[in-house]
Amino acid sequence: MTDSFVHEALPMRVVFGAGSMARLPDEAERIGSRRILVLSTPQQRELAQRVTALLGERAVGVFDEARMHVPVETVAAAEAVAADLAVDGCVAAGGGSTVGLGKALALRRGLPVLALPTTYAGSEMTPIWGLTENARKRTGRAPAVLPRSVVYDPELTMTLPVDVSVTSGLNAVAHAVEALYAPDGSPVVTAMAEQGVRDLATALPLIADDPRDRVGRATALRGAWLCGACLGATTMGLHHKLCHVLGGMLDLPHAATHAVMLPHVAAYNLPAVPAAAAALRRSLGLNDTADAADAVAALTALTARLGAPGSLRDLGVAESDLARVAEEVLAGPYANPRPVNRPELTALLHAAWTGDAP
Ligand code: NAD
């Protein structure tokens, strides 16, 4: 990716640090929002209330019904509240589901979004939006949905349960791994991906041992930022395609699906992209004599050490579903460094289903 490339930096503003949530009012002032709707999931209502208190008169309402995969019905309900309250901006306080709702409001009503991420999904760093209607998720890219400012406060991640931290963190690692071999990568993306994986590979074991480890939380959130920026900057390949199809067709949990698939797709793709394999080796702390197989083994060991879900079978997938998944993956074009054919894809899916080491 270093011989020739195009790199376009996205206009992102990041405010990072423990306690940085207190800077939300300043960020709201910066973008000129005076009537803000605070978004959250029902589980994070209390956080939405804290944000409301912090924003004072600027916060005119809370919509706490954000849900996974941004159903159009949820967006319509939030739009109605936004219209009633004549809001001129929103704060999305939560994970990818809540940020996704904010993006939908930016897309449909032109509302500027401030993001206060509380997981490692990284959606706040991307111009990618998603909307689910009649059980089908449509996605697209639009610069207008990029949050105008992202406030990363590691203190808000202290309550993220270990299992969600692990799967969400591995979801972020998957963004970086695919960015390393993306057709639109660049040296900047490689640097972000390497550091992002290094941060998460260092931090997630600390968090698994002690979810209140402050260094671990701050390091993981920094890694999530960098990995999210990789996702926003590049075109994803087979891994994301597979997870998208698995999630859409079988309604699987988003981050857990990424965690299961990560070592399997890495094992498939990395031998075809030596520079990406070398970057991953460096970020996982392996020495120069290690090869792509060693990088895959290190990724596999990391997921096992973290107690991540190990197989599609564990996620409730039936073996008989695999053929349909392969069919849909083969039907749609996507960027991938190694061509994908039916027998190899079937073997990959089967290994991910049984949980055998790739
Ligand atoms: P999520 O936002 O659905 O959150 C999972 C659960 O954890 C929710 O109940 C939430 O309330 C809770 N939670 C979040 N933070 C918490 C915290 N700090 N403490 C306690 N509980 C907390 O999950 P996610 O993995 O962050 O996001 C997944 C969604 O994001 C998917 O729909 C995925 O498609 C989307 N996504 C989009 C992009 C993009 O670029 N558009 C990127 C990544 C993910």
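The report below takes up the ligand, then a pocket and a cavity, and last one residue.

This is a predicted model, in which local features need pLDDT of at least 70 and side-chain atom pairs count only at pLDDT 80 or more, while totals for chains, interfaces and linings use all residues. Residues are numbered from 1 along each chain as its sequence is written, and side-chain values use heavy atoms, with hydrogens and water left out.

**The ligand**

Around the ligand there are 22 residues, of which Thr41, Ser97, Thr118, Thr119 and Thr126 come nearest; a residue is counted here if one of its heavy atoms lies within 4 Å of the molecule. This shell divides into six nonpolar, 14 polar and two charged residues, where Ala, Val, Leu, Ile, Met, Phe, Trp, Tyr, Cys and Pro count as nonpolar, Asp, Glu, Lys and Arg as charged, and the others, Gly among them, as polar. Helix 4 (residues 96-109) gives the largest share of the shell, three residues; helices (H or I, at least four residues) and strands (E, at least two) are DSSP runs, numbered from the N terminus. The table gives polar contacts, that is, pairs of N or O atoms within 3.5 Å.

| Side chain (N or O atom) | Distance to a ligand oxygen atom |
|---|---|
| Thr41 | 2.6 Å |
| Gln44 | 3.0 Å |
| Ser97 | 2.5 Å |

On its own the ligand has 860 Å² of accessible area, and the protein covers 85% of that area (Shrake-Rupley method, 1.4 Å probe).

**Pocket and cavity**

On a 1 Å grid over the protein atoms alone, a cavity is a set of points where a 1.4 Å probe fits but cannot get out, whereas a pocket is an open set with protein on both sides within 12 Å along at least five of seven lines, and lining residues have an atom within 4 Å of a point.

The second largest pocket has a volume of about 250 Å³, and among its 14 lining residues Glu8, Leu10, Arg141, Gly232 and Ala233 lie nearest its centre. Its lining comprises eight nonpolar, three polar and three charged residues.

The structure holds one cavity of 30 Å³ or more, and the largest cavity has a volume of about 40 Å³. Helix 5 (162-180) and helix 9 (254-269) are the elements that give two or more residues to the lining of this largest cavity, which divides into six nonpolar, one polar and one charged.

**Ser4**

Ser4 is placed in the segment before strand 1 (14-16), and it counts as exposed because its relative accessibility is 61%, exposed meaning over 50%.

Notes
Points joined across faces, edges and corners; volume = space filled by probe spheres on them. Polar contact = N/O pair within 3.5 Å; in protein donor to acceptor, adjacent residues only side chain to side chain. Buried < 20%, exposed > 50% of the residue type's maximum accessible area, 1.4 Å probe, protein only.
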